[in-house]
Amino acid sequence: MIYLDNSATTYPKPPAVRQAVAKALAEYGANPGRGGFAMSVNTGRVVYECRRTAAAFFGAAGPECVVFQPSCTQALNLVLKGCLKSGDHVVVSDLEHNAVMRPLAALGEKGVSYTAAEVVPGDNDATLAAFRKAMRPNTKLLACTQASNVFGVRVPVERLAALCHQYGAKICVDAAQGAGVLPISLMESGVDFLCCAGHKGLYGPMGTGMLIFRDPADKLATLVEGGTGTLSHSFQQPEDPPERYEPGTLNVPGIVGLRAGMEFVKQRGVERIYQEELGKTSYLYARLSKLKKVKLYTPPPQAPWFAPVLSFNVEGMSSEAVGAKLAKEGVAVRCGLHCAPAAHEKMGTKETGTVRISPSVFTRREELDVLVRAVAKL
C-alpha cells in the first residue's frame with residue numbers, strides 16, 4: 001500500500017515510537033502518581049519527561065504548561081467550553097475543522113456567537129485586516145487553524161496573536177496539521193492555547209493529544225472531573241494544571257510513544273521536514289497540473305504560504321469514486337469533506353468534496369509517480 005493520508009494520521013510510525021510503546025507496556029504498567037512503589041514512581045517519571053520534552057519543543061514556560069488529552073479535538077473543546085460563556089464572541093477563520101465549528105455550534109445554544117474571517121492565501125495583510133474587522137468589544141477568543149487540513153493554506157497565527165491581544169482577547173491555535181511540520185513557539189508567538197494532535201506530524205500513537213498553555217495561570221472550566229491522585233481528601237477538582245485537566249488514568253503507552261515521536265521530529269528538524277514534505281507536494285502539484293481533467297484549487301504550494309497538503313478532483317467523477325479507484329491501485333488517499341465543510345464552502349467544493357494527498361517524511365517520489373499514473377488512467 002502507498003499511504004498518502006498522513007493528514008489523518010501518519011503511517012508508518014518511526015521504529016523508535018513502536019519500540020517506546022512496547023517498552024511502556026512491559027515496564028511502565030503502573031498508574032503514575034497513584035503509588036509509592038518503584039513501577040508507579042518510574043511511570044510518573046516518564047510521563048513528566050514527556051511533558052518536559054513537549055514544553056521545550058513548543059517553547060512553553062515549563063512542564064506544568066503541558067496537559068495531555070486523548071485528541072486535539074478534546075483539547076479544542078476544553079479551551080472553547082472552558083473559557084466561553086453566554087454573551088461572549090469568538091472570531092474564527094473560514095477554513096476551520098469541525099473540531100472548532102461543532103463546539104461553537106453547541107455553544108451557540110448557550111448564547112456564544114462567532115464571526116468567520118476570510119483567510120486570503122498569499123496575503124497576510126489582507127487576512128489580518130479581515131480578522132481585525134471581525135473583532136468586537138465582547139470578543140473573548142480568537143480560535144483558528146495553523147494550516148488548513150484540506151487545502152494546506154497557512155494562517156498567520158503569530159500576527160493574529162498580536163492582534164487579538166490588542167483587543168484584550170486570547171488566541172487558541174488548532175495545530176493538528178502544523179505541529180511537527182510548521183515551527184511555533186508559545187513564548188515567542190504569543191499564542192495562549194496550543195492544541196496538538198500527537199498522532200499526525202509528531203508521529204506519536206493514535207489517542208494522544210496535548211493542550212499547551214502559554215500561561216498556566218489561565219484557568220479554564222473543566223470538561224471532566226475525577227480522580228487525579230492529588231488532593232484526594234476533597235470532592236473539588238484540583239485548581240492547578242496539569243492535574244486539573246487530566247482526571248482518570250493517563251494513556252501512558254501513548255504518552256511514552258508521543259515523546260519518542262517528538263524526539264524523532266526534533267532530531268530530523270522541523271524546518272527540514274517542512275521543506276522535504278512541501279517539496280514532495282509541489283512535485284505532485286506540477287505533475288497533476290499537466291493532466292487536463294484534473295482540477296486543482298490553490299496556486300502551487302510554496303513556502304511560507306502552504307503546508308504540505310494538496311486537494312484535487314477529476315472531471316466527471318466524484319471524489320469518493322476517485323478514492324475507490326485509487327484504492328484498487330494500492331494508493332490510500334482521503335476523499336470527501338475531511339470534517340471541514342467550512343473550508344470546502346470557501347473553495348466551492350462543498351458539493352463534491354476533494355481528493356486529498358498528504359505526504360510524510362517516509363513518502364518517496366516514486367510513490368507519487370504511481371499516484372499520478374493511476375490518476376492519468378482515470
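I began with the largest cavity and read off a volume of about 150 Å³. For me a cavity is a set of points, on a 1 Å grid over the protein atoms alone, where a 1.4 Å probe fits but cannot get out; grid points are joined across faces, edges and corners, and the volume is the space filled by probe spheres set on the points. This is a predicted model, where local features need pLDDT of at least 70, side-chain atom pairs count only at pLDDT 80 or more, and totals for chains, interfaces and linings use all residues. Residues are numbered from 1 along each chain as its sequence is written, and side-chain values use heavy atoms, with hydrogens and water left out.

Next I checked what lines the largest cavity: 16 residues, with Asn 6, Ser 7, Gln 177, Val 181 and Glu 277 nearest its centre (lining means an atom within 4 Å of a point).

I then noted the second largest cavity, at about 40 Å³. Its lining includes Val 119, Pro 121, Arg 154 and Trp 305.

On to the sheet: I found seven strands in an open, mixed sheet, ordered 2-8-7-6-5-3-4. Strands here are DSSP E runs of at least two residues, and two of them pair if DSSP finds at least two bridges between them. Strand 2 (66-69) and strand 4 (113-117) are the edges, each pairing on one side only.

Last, I followed strand 7 (193-197) to strand 8 (209-213): they run antiparallel, joined by five bridges. Leu 194 has Ile 212 as its bridge partner.

Conventions
Helix = DSSP H or I, 4+ residues; strand = E, 2+ residues; numbered from the N terminus. 1 Å grid on protein atoms, 1.4 Å probe; cavity = no way out; pocket = protein on both sides within 12 Å on 5 of 7 lines; lining within 4 Å.
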